[in-house]
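Hi everyone, thanks for coming. Please have the sequence and the structure open while I talk, and stop me whenever you like.

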Amino acid sequence: MAAAELGVLAPEAPEALSTAGPVERARALIPLLEAVAPEMERARELPPAVLEALRANDFFRLLTPAELGGQALPLPVYAEIIEALAIGDASTAWCVNQGNVSALSSATYLSPEVARRFFGDRDSGLAWGAQHTRAAAVPVAGGWRVTGRWDFASGNRHARLLGAHVPVAEADGSARAGKPEFVTVLFPREQASISEDWAALGLRGTGSDTYEVRDLFVPESHACFRDKPEGRRQHGPVSLFSSHLCYASGFAAVALGTARGLLDRYIALARGKAARAAAQPMRENHCVQSEVARLEARLRACRMYLLGTVREAWAEAVGTGAISLDTRMALRLATTTVMGDATEVSVACYRAGGTTAILESEPFERRFRDAMCVSQHLQANPWHLEMVGRHLLGVEQPIAFL
């Protein structure tokens, strides 16, 4: 949309596959992730071998500003890394995206000293749960007194820090009138009571547990009001993107990688399987041939749509120091659409696998469950499309999740 106003954009040179850049290093982890995926499912967390590999590659600080010791990678490169990890295992990619965006969106608004202490080494990690209004942050001398319970804390089992987005309460603890204002607080994981209760259809390796604090004092320096540009302490291009659009870009890449993993397995199955009800091997069946081609084209189109839109938005951020509303809407449209379309590719691959796909011993079943869970996230909600449609039609509306 508005990115076209910049004129012709110089295309980013693709990373050479012969180099050991971050995208290629992520692709190199695919065999490991595939091998330990059953262990992850049983343990409900990333196993030591995976954590060691992720930390060795500094994959939990991909977006963290360089001034704080992070890699400060461009958002398009970051999306490719998340996609590559998801080809190996969706839970790993999910945790990496959740942890990176959470750290970035905190570090951007914390003092550099505190941010460096929290995120200054590659073993650091942050997890937090879903925002809601059934909690309270009471302002007290020097900070906040926090009480609440949160779920969906993906990656908390390997994180040093937990965080929470808490509605600011009155001094007596009562809820404030009007629209709630949320403060994000960070605290050591050991200060929370954690229920290892994660039980879900898929993404089981994320360990997205529930945690609780009661009357926990959080220093003012360990709290911030995120996604308010006037409060930024870091000013790189990625800080111009809201946490919502960063999460959306990463989770759309998870959907892409998961679908790619399923499609690759469908193709491998079709090359060697002869269905009992068919007169010929799958690879010689004209319907299978056409379906494989259509699915390959659809998934490639999804990938180019996502990465192309992220690259346009990134070019605008770098070139102008801002991101227009049109471009933010374009990115929201791309991420939501890709999450939906990639999920449909995953479903088609699962159905094409026949009875083979239902067996836990085969590579379809887990990936299908992961794809279904990815598709249920807020960032994939189709009502985002209504907002973009209203914007394109010139209908006045409140802006959300941009």
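Let me start with a definition: helices (H or I, at least four residues) and strands (E, at least two) are DSSP runs, numbered from the N terminus. The model is a predicted one, where local features need pLDDT of at least 70 and side-chain atom pairs count only at pLDDT 80 or more, while totals for chains, interfaces and linings use all residues. Residues are numbered from 1 along each chain as its sequence is written, and side-chain values use heavy atoms, with hydrogens and water left out.

With that in hand, look at helix 7, residues 243-272. Arg260 and Asp264 both sit in this helix, 4 residues apart, which is about one turn. Their side chains form a salt bridge, N to O at 3.0 Å. By salt bridge I mean a side-chain nitrogen of Lys or Arg within 4 Å of a carboxyl oxygen of Asp or Glu. How exposed are the two partners? For relative accessible area, under 20% is buried, over 50% is exposed, and anything in between is partly exposed (1.4 Å probe, protein chains only). Arg260 is buried at 16%, and Asp264 is partly exposed at 34%.

How many salt bridges does that rule give? The count is 25. Another of them joins the side chains of Arg369 and Glu41, with N to O at 2.7 Å. This pair connects distant parts of the chain, since Arg369 is in helix 10 (residues 364-375) and Glu41 is in helix 2 (residues 30-43), 328 residues apart. Arg369 counts as buried at 8% relative accessibility, and Glu41 counts as buried at 13%.

Now to the loops. Arg160 and Asp121 meet in a salt bridge at 3.4 Å, N to O. Arg160 lies in the loop between strand 3 (143-153) and strand 4 (161-167), and Asp121 in the loop between helix 6 (112-119) and strand 1 (126-128), so the bridge ties together parts 39 residues apart in sequence. Arg160 is partly exposed at 45%, and Asp121 is partly exposed at 31%. Glu190 belongs to the loop between strand 5 (182-188) and strand 6 (193-195), and is exposed at 67%.

Next, a helix pair. Helix 4 (residues 75-88) packs against helix 8 (residues 286-320) at an angle of about 150°, with the axes 8 Å apart. Axes here are lines fitted to C-alpha atoms over the stretch in contact, and angles run from 0 to 180 degrees between N-to-C directions. Angles under 35 degrees count as roughly parallel, over 145 as roughly antiparallel, 65 to 115 as roughly perpendicular and the rest as oblique, so helix 4 is roughly antiparallel to helix 8.

Finally, the cysteines. How many disulfides does the structure hold? There are 0, with a disulfide being a pair of cysteine sulfur atoms within 2.5 Å. The sulfur of Cys287 is 16 Å from the closest cysteine sulfur, in Cys349, which is too far for a bond. Cys287 is exposed, at 61%.
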